[in-house]
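Subject: Handing over a two-chain model

Dear colleague,

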Amino acid sequence: MTLSIDIRKRLSSQFALDVAFTAVPGVTNLFGASGSGKTTVLRCLAGLLRPDAGHVSIGDRLLFDSTASVDIPVQQRNVGYVFQQLALFPHLSIEQNIAYALHRRPRDEQRQRVNDIAGSFHIQHLLDRMPGQVSGGERQRAALARALVSDPSLLLLDEPLSALDHAIQARIMEDLRAWNEAHRIPVLYVTHSHREVFGLGERVVVLERGRVLATGSPHEVLDHPSHVVLANLAGFENVFDATVTDRHEQAGTMQCRLDDSNTDLEVPLTDASVGAAVRLAIRAGDILIANQEPRGLSARNVLHGRLADLTRQGPTVVAKVDAGVRLMVHLTPRGAESLGLRRGNHVWLIIKTYSCRIVVGGS
Amino acid sequence: MDWQAIWLTVRLAAVVSAILLVISLPLAHWLTFSRRRWTFLIESLVSLPLVLPPTVLGFYLLMSMGARSPIGRAWESWTGHSLAFTFEGLVVASILYSMPFAVQPIAAAFAQVDPALREASATLGASGVRTFLRITLPLSIEGVIAGVVLSFAHTVGEFGVVLMVGGNLPGITRTVSIAIYDQVQALQYREATLTAFVMLVFAFVVLAAVYGLRRRPWSATPLA
């Protein structure tokens, strides 16, 4: 079942939503700054907000079509929605919350389904508790279970995990992925955190001021050179897949070999084991550039390469350097001038260990 | 003690607050959640008795219950007697008079239920009625109880409207507040003192119950 959406919605004189994309089964991140229209998209999909025009369908089931005057009411859409603040019913137990969508089904089936979904999200022992009596992570699990117990054809998540620490977030996402393996439905995960984009989704739809800026895998989307806005949104201009080659537990660092290259980088230690695949992200502004080999540095990563390109973009000079891999470096115009940088020059790149972020793999 | 008046007053207040509960739940729901622009007009209309002198309200009610008004004539042809100066007439008048005391706390309680909870209920397949019964109502129960208690108490305490619409017929329209007025007029101060004290204690107990239920001392009037 594939979600297909193509809608327009004017919310104010300043803001109009105009988006079209599709989402196949699996997790798709809906990524953008706050105010870019992410939640509006979710509300239109759930039927909580009526688009001015367009259509929404899941598989061959039409949910909304302005030309055919189709607008399935919220209650009949069977779309799971996990709200940012979760919206668990505070006066009902976790069990009653989860069973809420099942009231038309026989008692036995209700019990069966509640137990199954509670098992999938590891909250069987919490069923008798009230939402106010469990931890933040457990509440997220309960909200997911409640949204999924009736086998929705689409799941919408509005930044429900953003308040949790990354380890708990990762475990909950693992449970959601496992559930999604067995129930192949599209999952739309709204986030404004670049970490979540790299970590949680197989695909990304990037929104900017109510429009789709880019779609694709996180890597594709961020490598696409024309999207300066996107790079700024994500905050990382350099993203690499790499493999852990060595761990220095005492020093709190580990060694990574960038895929398809001979380039090694020392990065902060995570729980990724040797041989594990990780994804690294480095801000272009966090890299220093030198026109001769530097000595007496505390920085552990010094890469030698050649300057492939040098362009000025407003107040920033963007240097592209081939150092086994292609790296993007930001420097000031005066900095670039004082080094006398020319295309083809030998340069050395200096990258502090803690400027390398592990965005996927380990925590 | 005028036991007849007390019994009449309790009966009147019970009937009125029961009917008001039935009217106020949908009305408060509509006032709180309707997106229509003119809801404020209905809100003002419902709240009129708060600011209008009871005699003014009573006067209009008396006129509309009279044989010359269409409502009065319709009632008379249906029941065979006039609405004015009867228990039924008193009930109708009290409903209008006490309506803001039921509608306002209930509407305020509905409004503070997180809208996301109602939306979540809808996405989980619940109809509007189910959402109301399972989510909105249980989460506003304090406000609903406050509305019932206050409309009961307010009906017990009304005077001007009763005098205008009901007059002073023992066992039919003579309520406690009218009885006290009578006793004072007849210089029966001992009787009046006792009856007035009963009313005072009653009013205090009711307010204590409402405030106690809210557990937010002096945060607002019982209506807010």
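Two residues are said to be in contact if their C-beta atoms, placed from the backbone, lie within 7 Å. With that in mind, among the contacts in chain A between residues at least 6 apart in sequence, 66% join residues at least 24 apart. In chain B, residues 24 or more positions apart account for 72% of the contacts with a separation of 6 or more.

Please remember throughout that this is a predicted model, for which the scores are ipTM 0.79 and pTM 0.73. Chain A has a mean pLDDT of 87, with 92% of its residues at 70 or more, and within this chain the confidence is lowest in helix H9 (residues 228-234), at a mean of 54, and highest in helix H3 (residues 94-99), at 96. Chain B averages a pLDDT of 87 as well, and 95% of its residues score at least 70. Over residues 216-224 of chain B, however, the pLDDT is below 50, and this stretch has 9 contacts in the model beyond near neighbours in sequence. Where pLDDT is low, the predicted coordinates should not be read in detail.

Turning to chain A, you will find 10 helices and 21 strands in it, and its C-alpha trace spans about 75 × 50 × 30 Å along the principal axes. Of the 363 residues of chain A, 39% count as buried.

One part of chain A to look at is an open sheet, in which 5 strands follow the order E16-E20-E17-E18-E19 with antiparallel pairing. Strand E16 (287-290) and strand E19 (326-331) of chain A each have a single partner strand, and so they stand at the edges, with one side of each left without a neighbour in the sheet. Neighbouring strands of this sheet are turned by 45° against each other on average, if direction is ignored. Further inside the order, strand E17 (residues 301-313) of chain A runs antiparallel to strand E18 (residues 316-322) of chain A, and 7 bridges join the two. As an example of residues facing one another, A:Leu310 stands opposite A:Ala319 in E18(A).

The largest nonpolar core has 70 residues, of which A:Leu45, A:Val82, A:Ile98, A:Ala145, A:Leu156 and A:Leu188 touch the most other members. Helix H5 (residues 136-148) of chain A gives the most to this core, with 6 residues. If you leave aside its neighbours within four places in sequence, A:Leu156 is in contact with several residues, including A:Leu42, A:Leu45, A:Val82 and A:Leu188. A second, separate core of 46 residues includes B:Val92, B:Tyr97, B:Val144 and B:Phe152.

Chain B, for its part, has 11 helices and 0 strands, and its C-alpha atoms fill a box of roughly 65 × 45 × 25 Å along the principal axes. Buried residues make up 38% of its 224 residues.

Where the chains meet, 14 residues of chain B are in contact with 15 residues of chain A. On the side of chain B that touches chain A, the elements giving two or more residues are helix H6 (115-123) and helix H7 (128-139) of chain B, and the largest share, 6 residues, comes from H6(B). By class, that side of chain B has 9 nonpolar, 3 polar and 2 charged residues.

With best wishes

Technical notes
Residues numbered from 1 in each chain as written. Chains lettered and ligands numbered in written order. Predicted model: local features only at pLDDT ≥ 70, side-chain atom pairs only at ≥ 80, totals over all residues. Pairing = 2+ DSSP bridges. Helix = DSSP H or I, 4+ residues; strand = E, 2+ residues; numbered from the N terminus. Axes fitted to C-alpha atoms, helices over the stretch in contact; angles between N-to-C directions. Buried ≥ 20, exposed ≤ 12 C-beta atoms within 10 Å, placed from the backbone. pLDDT = per-residue confidence, 0-100. Core = buried A, V, L, I, M, F, W, Y, C linked by C-beta atoms within 7 Å. Nonpolar A, V, L, I, M, F, W, Y, C, P; charged D, E, K, R; others polar.
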